[in-house]
Amino acid sequence: MNIIICDDCQEDRAFLNNLLKEYEKSSTEQFNITEYASGTGLCEDKEVLSNCQIVFLDINMEEQDGLKTAIKIKELYPDIYIVLVTAYMSYSLEGYKVKASRFLLKDDLEHTIKECMDSLIGELHKKDCYVEFSFVEGQIRLQTDDIIYIETARHKNVFYTKKQAYTIYKKMDEIEEELAGFGFVRIHQSFLVNMRYIEKISSYVLRLITGKEISVPKSRYQEVKCRYALYKGAE
């Protein structure tokens with residue numbers, strides 16, 4: 001597993017590096033850790049980023065702070081997990097705006113790094129999960145994380161993925177059951193959405209990172225918001 005630590009303080013980089021190496025000793029994973037002293041230098045190293053799974057970013061860096069760096073990374077590599085690290089709790093809301101997976105306080109890293117890594121590694125392992133369906137286009141095996149959402153269209157359901165759409169003659173209830181446990185939420189009768197692609201939910205509208213907006217019925221609104229908050233670890 002390739003991990004990046006980006007912090008303009010050498011002591012803080014070394015401290016986090018040591019914590020990750022200690023975690024590695026009790027893990028089945030092997031880490032390759034690369035350090036950067038600036039967000040600008042990190043963003044320029046596209047070869048390393050393209051092979052990275054997790055980036056730990058200090059928010060308060062000179063020249064280009066961690067929030068700006070996170071935005072640039074997510075634009076090019078949306079699947080990378082961003083962990084924002086800072087000494088100030090006031091930045092936590094900003095972390096959600098840049099689609100950070102976690103927000104950690106520097107003073108509490110010794111107590112939070114294990115839970116953080118356990119969760120992220122679990123999410124990474126989920127990416128290895130596949131489902132197979134008999135689509136109109138044929139028998140196709142899909143990675144669950146590649147499915148953005150599923151929409152009912154007349155008597156069919158359409159799977160919208162990163163690459164293309166697939167059509168299937170199968171009830172949405174049955175599809176929802178098969179995808180249970182993979183981070184999908186039923187918005188209403190006609191939509192099943194992968195929560196990793198949700199940008200925000202407000203005023204009874206769910207917006208995906210693709211720009212698509214879906215109305216959420218009042219009867220389901222609180223349940224959908226709660227499911228998403230739990231998924232993001234906000235509660």
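View 1. In helix 4 (residues 66–76), the buried residues are Gly66, Leu67, Thr69, Ala70, Ile73 and Lys74. Seen down the helix axis, these buried residues fall within an arc of 155 degrees, so they line one face of helix 4. The arc is that of the directions from the helix axis to the C-beta atoms. The face turned away from the buried side carries the exposed residues Lys68, Glu75 and Leu76. Buried means under 20% relative accessible area and exposed over 50%, with partly exposed in between (1.4 Å probe, protein chains only). Helices (H or I, at least four residues) and strands (E, at least two) are DSSP runs, numbered from the N terminus.

This is a predicted model, in which local features need pLDDT of at least 70 and side-chain atom pairs count only at pLDDT 80 or more, while totals for chains, interfaces and linings use all residues. Residues are numbered from 1 along each chain as its sequence is written, and side-chain values use heavy atoms, with hydrogens and water left out.

View 2. An open sheet is formed by 5 strands in the order 2-1-3-4-5, with parallel pairing. Strand 2 (32–36) and strand 5 (102–105) stand at the edges with a single partner strand each, so one side of each is left without a neighbour in the sheet. From one strand to the next, the twist averages 20 degrees. Strand 5 pairs with strand 4 in the parallel sense over 4 bridges, and threonine 86 stands opposite leucine 105 in strand 5. Two strands pair if DSSP finds at least two bridges between them.

**View 3. The largest nonpolar core.** This core has 21 residues, and Ile3, Leu20, Ile54, Phe56, Val83, Ile113 and Met117 have the most contacts inside it. A nonpolar core is a set of buried Ala, Val, Leu, Ile, Met, Phe, Trp, Tyr and Cys residues joined through side-chain atoms within 4.5 Å. Strand 1 (2–6), helix 1, strand 3 (54–58), strand 4 (81–86) and helix 6 (109–126) each give two or more residues to this core. Helix 6 supplies the largest share, 7 residues.

**View 4. Surroundings of arginine 13.** Arginine 13 is found in helix 1 (residues 10–25). Arginine 13 counts as buried because its relative accessibility is 11%. Not counting residues up to four places away in sequence, arginine 13 touches Ile5, Asp7, Asp8, Glu35, Tyr36 and Ala37. Contact means heavy atoms within 4.5 Å.

Methods: Axes fitted to C-alpha atoms, helices over the stretch in contact; angles between N-to-C directions.
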